[in-house]
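Open your viewer and get ready to click along. We will go from stop to stop, selecting one part at a time and looking at what is there.

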Number of protein chains: 2
Amino acid sequence: MHISKFAIPEIIFGRGSLNHAGQCARSLGAKKAFVVSDSGIEEAGWLQCLQNILEREGIRWVYYPGVTSNPRDFQVEQGAELYVKNGADVIIAIGGGSVLDTAKGVAILASNGGKIADYEGANRVARPLPPMLLITTTAGNGSDISQFCIITDQKRHVKMSIITRTLVPNISIIDPLILRTKPESLIIHSAIDALAHAIEAYVSRIASPLTEMHSLKAVDIILDQLPVAVVTRSIESLEQLSIASISASMAFSNASLGAEHALAHSLGGQFDMQHGVVHPILLPSVMRFNLPFNTHKMAELGRVILKRDLGSDEDTARAGIERLDTFFASFNVPLRLREIVPEQQHSTLVAICQMAVQDACNLTNPKPATWEEFLQIVEEVW
Amino acid sequence: MHISKFAIPEIIFGRGSLNHAGQCARSLGAKKAFVVSDSGIEEAGWLQCLQNILEREGIRWVYYPGVTSNPRDFQVEQGAELYVKNGADVIIAIGGGSVLDTAKGVAILASNGGKIADYEGANRVARPLPPMLLITTTAGNGSDISQFCIITDQKRHVKMSIITRTLVPNISIIDPLILRTKPESLIIHSAIDALAHAIEAYVSRIASPLTEMHSLKAVDIILDQLPVAVVTRSIESLEQLSIASISASMAFSNASLGAEHALAHSLGGQFDMQHGVVHPILLPSVMRFNLPFNTHKMAELGRVILKRDLGSDEDTARAGIERLDTFFASFNVPLRLREIVPEQQHSTLVAICQMAVQDACNLTNPKPATWEEFLQIVEEVW
């Protein structure tokens, strides 16, 4: 077995844990916080709620609202300028993956300078980052736990993966009460994103016993609880999805991901689609591609998905993937690529597949895919 | 569900991970490290190995060897003096629980001053501690992961529990190769200590879904792998015990312990016995005491121990405890208190039980035990 590293932030979890944000910020030395969020969170009232909590603790703040879905390089660069100009000392973000990744990008540039594209890839950030307190508003993106940051390069139309130990924030607050204000589609797509994290991390070439346990736990919970959460919206089921997301994030942050995320980043950079939308389309197909390269672990996943063993590893693994097909079809989500990519863009798929080969996530796939193999996968699901 | 906090160090795990100690120390800013260890580790050659690694990285060090089993208050105070006098900047310890707890005690006093007894209890350490890199040489004590530090007060004959978030070290290195130089009895007692951590954390009043998963995983692995490790000494089984110990430590550090550890600390303070020796004697009896106060969770433990369900929660829980009795009896370890406490000291048991009530661990037991209940437990196992 190789040597594994396992790092996570301090986690504050539970209903009402948002109320601890002031204390946490203070413990990080905040006098003037740099707060990142977006209009959706503002409208839902959570930003105001956070600002009140900070004010009660006597912490001043400057607000950076310039976040869109799939954050762009220039937004991060603007944010970093604002951070430095205002003499902020701690970064606090409340939002989904786009908000949290923007905050991380700002952290990199605030202390390391340069352009965000300078840091694309693994372990390219040299200087320590400002303290970070991240508050997730979805159960899936995992940015609040992970050492990943995904930023879109506007010119190249690429989602850049930036991966480094210091991107693990100091503190992550996960408050399931916040999930109650989220629409159904976001709950589904976030949970399926977490499912993809868990599955890709489980079969990753650098998975370890410390990450595998978290992967399997997450798969088990999401299969059980997502249908319940969609129908009932009960706080118990949303809480379970939060726990699954934490486990999936601990796994993928430390074991990395695979070919499915490499392709998702490449597609997302080109078409500015919501990240979660692509997983129900791609995941089963990438799993079928991976099956011969780690049949044993794919069967282990099958056992958790099916809650039984069909005798042979191959049969169990294959039936597990088929069960996922049925699972995804039970929700109101696109299942073919042509539903989210315009017909006339079909010709760009070759370039997208060539780009996916370069993504850091492809390196840890059971067998890194070639662009021809990626093309076969996207044609299959077109 | 209450709000849960979950914090662990960065973990470097795997065969040969000790070789990363230099790099890790450097990442913590070490120029002159304060190295803590003991004569057993010196004799086994691990201290020399660590010092070579530090020297290769150009890190100077000062060595504090003054550690005995069950470290005393004055040893910690001597260590802190040496730390300050030498202008050390990072604390590195290699050893079992006693060595690691000494290092933590030195860290507290080096930056907070005073006497170590000033910090007894939960959350009494105000100032930040020097960076700590801890390298465990046993699979069980968990001090390298946890926010606990246990130091004996010489005058009162008490093992003081000091519990605070900042006692979680920055980095923990866990190298299963080191376990190969350990005697059989230490492997058994360390694994049973980890088993007690896992079980007490699981039924703790502040357990959370984040800790429960780790508890059950640890129980499962230890029951399976300890008998294999004792017979074969295979590196695979020692590695599994290391993983179990990491899981158990993540659980108890964040969910705390219970009445069994309260009693173990009280007995250990009085009789200076090796901490691990007392668990096979006390654990089943404390579990029987706890059964009516959380039958559901005790049954969940029973299911993992037995790998089956006997129908009723009560029956499953009880059979699980009986299985532990048999499990402990299969090793060459004391099973009655009179084997480790001199007959003429029987009369001190009342005072020991009165002391155990005060231990911070008793607070999180399913029902905190009274001294009379503790007395009944120790008489049962006398």
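This is a predicted model: local features need pLDDT of at least 70, side-chain atom pairs count only at pLDDT 80 or more; totals for chains, interfaces and linings use all residues.

**Stop 1**

**Stop 2: where the chains touch**

Now select the contact, to which chain A gives 25 residues and chain B also gives 25 residues. On the side of chain B that touches chain A, the elements giving two or more residues are strands E1 (4-6) and E2 (10-13) and helices H7 (209-232) and H8 (235-255) of chain B. Colour that side by residue type and you will find 13 nonpolar, seven polar and five charged residues. Why do we say that the copies meet through the same surface? Because 100% of the interface residues of chain B are also interface residues in chain A.

**Stop 3**

Show the strands next. Seven of them form an open sheet, in the order E1(A)-E2(B)-E10(B)-E7(B)-E5(B)-E3(B)-E4(B), with mixed pairing. Which strands are at the edges? They are E1 of chain A and strand E4 (60-64) of chain B, each of which pairs on one side only. From one strand to the next, the twist averages 20°.

Zoom in on E1(A), residues 4-6, where three bridges join it to E2(B) in the antiparallel sense. Select Ser4(A) here, and then its bridge partner in E2(B), Phe13(B).

For a parallel pair, move to E5(B), residues 90-95, and E7(B), residues 132-136, which share five bridges. Pick Ile91(B) and you can find its bridge partner, Met132(B), in E7(B). Helix H5 (residues 97-112) of chain B packs on the sheet, where it touches strand E3 (32-36), E5 and E7 of chain B. The direction of this helix makes about 165° with that of E5(B).

**Stop 4: a helix with a buried side**

Go to chain A and select helix H13, residues 349-358. Which of its residues are buried? They are Leu349(A), Ile352(A), Cys353(A), Met355(A) and Ala356(A). These residues cover an arc of only 160° around the axis, so they sit on the same side of H13(A). In an α-helix there are 3.6 residues a turn, so residues three or four places apart point the same way. The buried residues of H13(A) pack against strand E9 (158-163), helix H9 (259-271) and helix H14 (371-380) of chain A.

**Stop 5**

Select Gly58(A), in the loop between helix H3 (46-56) and strand E4 (60-64) of chain A. Gly58(A) is exposed, with 10 other C-beta atoms within 10 Å. Its C-alpha is 9.1 Å from that of Arg26(A), a residue 32 places away along the chain.

Most residues other than glycine have a negative phi. Lys307(A) has a positive phi, near 60°, and is in the loop between helix H11 (295-306) and helix H12 (313-329) of chain A. Is Lys307(A) buried or exposed? Lys307(A) is exposed, with 10 other C-beta atoms within 10 Å.

Finish at Arg233(B), in the loop between H7 and H8 of chain B. Arg233(B) has a positive phi of about 55° and is partly exposed, with 14 other C-beta atoms within 10 Å.

Terms used:
Residues are numbered from 1 along each chain as its sequence is written. Chains are lettered from A and ligands numbered from 1 in the order in which they are written. Two residues are in contact if their C-beta atoms, placed from the backbone, lie within 7 Å. Helices (H or I, at least four residues) and strands (E, at least two) are DSSP runs, numbered from the N terminus. Ala, Val, Leu, Ile, Met, Phe, Trp, Tyr, Cys and Pro count as nonpolar, Asp, Glu, Lys and Arg as charged, and the others, Gly among them, as polar. Two strands pair if DSSP finds at least two bridges between them. A residue is buried if 20 or more other C-beta atoms lie within 10 Å of its own, exposed if 12 or fewer, and partly exposed in between; C-beta atoms are placed from the backbone. The arc is that of the directions from the helix axis to the C-beta atoms. Axes are lines fitted to C-alpha atoms, for helices over the stretch in contact, and angles run from 0 to 180 degrees between N-to-C directions.
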